[in-house]
Amino acid sequence: LSVIMGVYFQKEDITSLDNAVQSILSQDFSDFEFLICDDGSVKSASDLLDRLAENDSRIRLIRPGKCYTLPQKLNLLFQKSSGAFIARMDDDDISYPNRFSQQLHYLSAHHEIAFAGCNVDFLSATGEKTEHTFPEFPLPRDFRFSMPFIHPALLFRREALEKANGYSEDPSCLLNEDYDLLLRLYALGMPGANVQNRLFAYSMAGVELRHKRYRYRMNEAKVRYRRFRDLGMLPASLPYVVKPLLIGLLPLSLVNRLRNARNKQEG
C-alpha cells in the first residue's frame, strides 16, 4: 500500500497538518509507504514534516521545487510509489484507525471494484460533526448533483490509475481533477464503491469559509460536460452541467445553508 498526499500548507497553525499525518501513522494496517509532496508550504509546516519523517521511516518527503497544483503532486507521487494499492489523503482531514484495513478487505472481496471510498463525518468550520452516508455502489447518474465519493478518502487499485493515465493536469480540470478522474474510470468500465462504515473525517472549512473562484466553477462545468458526454448522459444531464455556474452566483451563506441541509438529510 502506498499513501500519497500533496501538501501546500499556508497556515501558521500546523495542528491540522500534524493531526492528518498522525492519523495515517496510527492506522491498524501499518505495512505502507507514505509519500508526501511538499512544495510551497510555509516553513513551520515543512519543518513539521521533516521532524515526522525523521521519526517514522515510512514517510518519504518529495520536494521537486516545481509542483504546485494538486494533480501535479499526485501524479509525481504515483510515479514514485510502489504499492499495488494507492490511498489518498489530504493535509487537513482525519483517517480513522481502521480505514485502510477495511478498504483493503473490501477490495479483496469485490474484484470488480476499482476503488473504494467510505462513509464520512463532515467537520464544519465551527467544529460541528455531521454523519454522511454515500451509496455503496454509485452509478454515473449519482455524479450529476454532486460527487458520491470523498476524494481524499479513496483507495485505488494501482492498475486502475495506470489505465486512466493518472490525474489530468489540463488547466481546465484544476480543482476538479477528482471529478474528472472518477468519471473517466467509470467510462473505462472501472467503477467504485463506498464501504458502508464511517472511516474518515472530512474538513469542510475550505468550502464553508470562502466561495470557490468562478473560473474553477467554469472548470467544473467543462469537466461535467466532457465526462457526461463520454458516458452518454447528454443532453438529459445538461441542467447539471450548468449547476456549478448557478451556485456560484448565490451568496455564500445561502450555499452553506443549502449544503448543510442536504448533508443532514443524507446523513
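**Burial, ring pairs and packing**

Biologist: Why is Phe 149 called buried?
Modeller: In this predicted model, Phe 149 has a relative accessibility of 2%, and since the cut-off for buried is under 20%, Phe 149 counts as buried. Phe 115 is likewise buried, because its relative accessibility is 0%.

Biologist: What makes the pair of Phe 143 and Tyr 186 edge-to-face?
Modeller: The ring centres of Phe 143 and Tyr 186 lie 5.2 Å apart, and their planes stand at 70°; a pair requires centres within 6.5 Å, and planes over 60 degrees apart count as edge-to-face, so the label follows from both values. Phe 143 belongs to the loop between S7 and S8, while Tyr 186 belongs to helix H6, and the pair therefore ties together parts that are 43 residues apart in sequence. Both of these residues are buried.

Biologist: How many aromatic pairs does this rule give, and why is the one between Phe 115 and Phe 149 called tilted?
Modeller: The rule gives 8 aromatic pairs. For Phe 115 and Phe 149 the centre-to-centre distance is 5.0 Å and the angle between the planes is 55°; because stacked needs an angle under 30 degrees and edge-to-face an angle over 60, this pair is tilted. The two residues come from distant parts of the chain, 34 residues apart, with Phe 115 in strand S6 and Phe 149 in the loop between strand S7 (129-132) and strand S8 (155-157). Phe 115, Phe 143, Phe 149 and Tyr 186 also belong to one aromatic cluster, together with Phe 156 and Tyr 179.

Biologist: How do you know that H6 and H8 are roughly parallel?
Modeller: Helix H6 (residues 177-187) packs with helix H8 (residues 214-230) at an angle of about 0°, their axes being 10 Å apart. Angles under 35 degrees count as roughly parallel, and H6 and H8 are therefore described in that way. On the H6 side the contact is made by Tyr 179, Asp 180, Leu 183 and Arg 184, and on the H8 side by Val 223, Arg 224, Arg 227 and Phe 228. By class, this contact has 4 nonpolar and 4 charged residues, with no polar ones.

Biologist: What makes Asn 219 count as buried?
Modeller: Asn 219 is placed in helix H8, and because its relative accessibility is 7%, which is set against a cut-off of under 20%, Asn 219 counts as buried. Leaving out residues up to four places away in sequence, Asn 219 touches Pro 171, Ser 172, Cys 173, Leu 174 and Asn 176.

Biologist: Which residues of the largest nonpolar core touch the most other members?
Modeller: Within this core of 40 residues, they are Val 3, Met 5, Leu 17, Val 21, Phe 34 and Phe 100. The elements that give two or more residues to the core include strand S1 (2-7), helix H1 (15-25) and strand S2 (33-38), and H1 provides the largest share, 5 residues. There is also a second, separate core of 34 residues, which includes Ile 4, Cys 37, Tyr 179 and Phe 228.

Biologist: How do you know that Phe 34 is buried?
Modeller: Phe 34, found in strand S2, has a relative accessible area of 0% and is therefore buried. Not counting residues up to four places away in sequence, Phe 34 touches Val 3, Met 5, Val 21, Ile 24, Leu 25, Arg 58, Ile 59 and Arg 60.

Biologist: Why is Asn 165 called exposed, and why is Leu 175 called partly exposed?
Modeller: Exposed requires a relative accessible area over 50%, and partly exposed lies between that value and the buried limit of 20%. Asn 165, at 67%, therefore counts as exposed, whereas Leu 175, at 44%, counts as partly exposed. Asn 165 lies in the loop between helix H5 (158-163) and H6, and Leu 175 is found in the loop between H5 and H6. Asn 165 has a positive phi of about 60° although it is not a glycine, and Leu 175, also not a glycine, has a positive phi of about 70°.

Definitions and conventions
Residues numbered from 1 in each chain as written. Predicted model: local features only at pLDDT ≥ 70, side-chain atom pairs only at ≥ 80, totals over all residues. Heavy atoms only, no water. Axes fitted to C-alpha atoms, helices over the stretch in contact; angles between N-to-C directions. Helix = DSSP H or I, 4+ residues; strand = E, 2+ residues; numbered from the N terminus. Parallel < 35°, antiparallel > 145°, perpendicular 65-115°, else oblique. Contact = heavy atoms within 4.5 Å. Nonpolar A, V, L, I, M, F, W, Y, C, P; charged D, E, K, R; others polar. Core = buried A, V, L, I, M, F, W, Y, C linked by side-chain atoms within 4.5 Å. Buried < 20%, exposed > 50% of the residue type's maximum accessible area, 1.4 Å probe, protein only. Phe/Tyr/Trp six-rings, centres within 6.5 Å; stacked < 30°, edge-to-face > 60°.
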